[in-house]
Amino acid sequence: MKIYNTLSKQKEELKTIEPGKVRMYVCGPTVYNYIHIGNARPMIVFDTVRRYLEYKGYEVNYVSNFTDVDDKIIKTAIEEGCDASEISTRFIAECKKDMEGMNVRPATTHPLATQEIPEMLEMVQTLIDKGYAYPSADGTVYFRTRKFAPYGKLSHKKIDDLQAGHREIKVTGSSTKEDDIDFVLWKPKKEGEPAWTSPWCEGRPGWHLECSVMAKKYLGEEIDIHAGGEDLIFPHHENEIAQSEAANGKEFSRYWMHNAFLNIDNKKMSKSLGNFFTVREISEKYDLQVLRFFMLSAHYRSPLNFSADLMEASKNGLERILTAMERLTELEAKAADKELTEDLEPVNALVKKYEEAMEDDFNTADAISAIFELVKLANTSVTEESSKAYVTKVKNTINKLCDVLGIITEKKEELLDSAIEELIAKRQQARKDKNFALADQIRDELAAKGILLKDTREGVKWTRA
Ligand SMILES: [Zn+2]
């Protein structure tokens, strides 16, 4: 199995630390709002990597964090007049709902930054003891970047070029740094911010620290795969490497995987361009299975363009698979229990094609093509005369290959009009009772089934998506 490694800029054969086991860490979202579709791409891509590794028989320990202390969370909390923890708790729950809709399996462990502070303090102390970090006069602790000789090995940047340019690394507190390129491990609190006691100052961790600490705690000092969006290569992952390798004295991760950007209508997604979509917004128009299918329709290292046309194409593509599966289920029920005489070779050849695509750095685009070929084969070679064993074989094969991509092949049950009306009435009552959590839950439940609600002066109107 070949994986493109950002470290070596090459595809490399997967060799895990422990045979048959994969230790995998994926940087998770900062939870200050609903996740956007840019966050959804790494979730779907790396969930698929995990599923394929499991299909190949690996036991995968999959860790993905939630950053629950950060400037954006604090800002939102101040705007809403509540605790930062209220914001993060709410949006972790919302993120998990979106993950479920996209059929992204929960990680083995989802650590939270705020729950790992003692381990973070320990790592900072180790780095200070080893001379890789220093507290400045105001209590900020910095990483002494220049002392870590391999710095830049992931992003392939030279340390002296960093000093000349790259404003992003010359962040906060530059007046108290020894060197412009040093980065923050621990920083003093500002008025109204959540803070923890430390030997250096009352404060909170810098963002990069949590991933080094959580990877070590839940996976060990050496891991197999570290993954995330390509925007994290520098400085986040570069700084994680510096922290972990300086503290532990071991290679942090063997393979570094990064997914490319998601553009919207060929433009970078941004709030100011008005082309910013949350997964929740997409779920009002499409089944999130369509979003998943769309995300996997390109190789994860290729930039992906999101547009209404491409989503429609994905919807149709997915529909084609579901329709074929429905037909196979019907034929299977009717098929005769006779000896299997059909040729299995074309089926097996397509499974091989699928596996070869996935084993070439997880080429899901080609893997989906193999599934489409299999669907075509099913539509032509499976008939009312087919043996039950053959129908079952074809059906189970498509089902298995889709499942590895996280694509659910069963059509969702259509809700009857009367059941919808009943749920809407229940939601209205919940709102009257000021039970907004229940009201929202019902609306989400309906949205997941493709029923959109609109509150109008004449009452609630609904449409099928
Ligand atoms: Zn991270």
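**A first tour of the model**

Student: Which helix is Lys393 found in?
Tutor: Helices are DSSP runs of H or I with at least four residues, strands are runs of E with at least two, and both are numbered from the N terminus. Lys393 is found in the helix that covers residues 388–404, namely H13.

Student: Good start! From which number are the residues of each chain counted?
Tutor: This is a predicted model, in which local features need pLDDT of at least 70 and side-chain atom pairs count only at pLDDT 80 or more, while totals for chains, interfaces and linings use all residues. Side-chain values use heavy atoms, leaving out hydrogens and water, and residues are numbered along each chain, as its sequence is written, from 1.

Student: Is Lys393 buried, partly exposed or exposed?
Tutor: Buried means under 20% relative accessible area, exposed means over 50%, and partly exposed is in between, using a 1.4 Å probe and protein chains only. The relative accessibility of Lys393 is 31%, so this residue counts as partly exposed.

Student: Which residues does Lys393 touch, apart from those up to four places away in sequence?
Tutor: Contact means heavy atoms within 4.5 Å. With residues up to four places away in sequence not counted, Lys393 touches Leu344, Val347 and Asn348.

Student: Which residues coordinate the zinc ion?
Tutor: Donors are N, O and S atoms within 2.8 Å of the metal (3.2 Å for Na, K and Ca), and a site may look incomplete as water is not among the atoms. The coordinating atoms, at 2.0 to 2.6 Å, are SG, SG, NE2 and OE, belonging in that order to Cys27, Cys211, His236 and Glu240.

Student: What is the geometry of the zinc site?
Tutor: Four donors are tetrahedral if all angles lie between 85 and 135 degrees; four are square planar, and six octahedral, if opposite donors are over 155 degrees apart and all others between 65 and 115; anything else is irregular. Among the four donor atoms of the zinc ion the angles are 74 to 126 degrees, and the site is irregular.

Student: Are Cys211 and His236 buried or exposed?
Tutor: Cys211 has a relative accessible area of 0%, so this residue is buried. For His236 the relative accessibility is 1%, so His236 counts as buried.

Student: How do helices H14 and H15 run relative to each other?
Tutor: Axes are lines fitted to C-alpha atoms, for helices over the stretch in contact, and angles between N-to-C directions run from 0 to 180 degrees. H14 (residues 417–432) packs on H15 (residues 436–448) at about 160 degrees, with the axes 7 Å apart. Under 35 degrees counts as roughly parallel, over 145 as roughly antiparallel, 65 to 115 as roughly perpendicular, and the rest as oblique. That is why H14 and H15 are roughly antiparallel.

Student: And how do H4 and H6 run relative to each other?
Tutor: The axes of H4 (residues 117–129) and H6 come within 9 Å, crossing at roughly 105 degrees. H4 is therefore, relative to H6, roughly perpendicular.

Student: Which residues of H4 meet H6?
Tutor: On the H6 side are Leu209, Glu210, Ser212, Val213, Lys216 and Lys217. The H4 residues that meet them are Glu119, Met120, Met123 and Val124.

Student: What type of peptide bond joins Phe234 and Pro235?
Tutor: Most peptide bonds are trans, and most residues other than glycine have a negative phi. Pro235 has its place in helix H7. Omega of the bond joining Phe234 and Pro235 is about 0 degrees, and the bond is cis.

Student: What is phi of His156?
Tutor: His156 lies in the loop between strand S6 (141–143) and helix H5 (159–164). At 38% relative accessibility this residue counts as partly exposed. Phi of His156, a residue other than glycine, is positive, near 55 degrees.

Student: Last one: how far apart in space are Ile282 and Arg327?
Tutor: Ile282 lies in helix H8 (residues 279–285) and is buried, at 6% relative accessible area. Ile282 and Arg327 are 45 residues apart in sequence, and from C-alpha to C-alpha they are separated by 29 Å.
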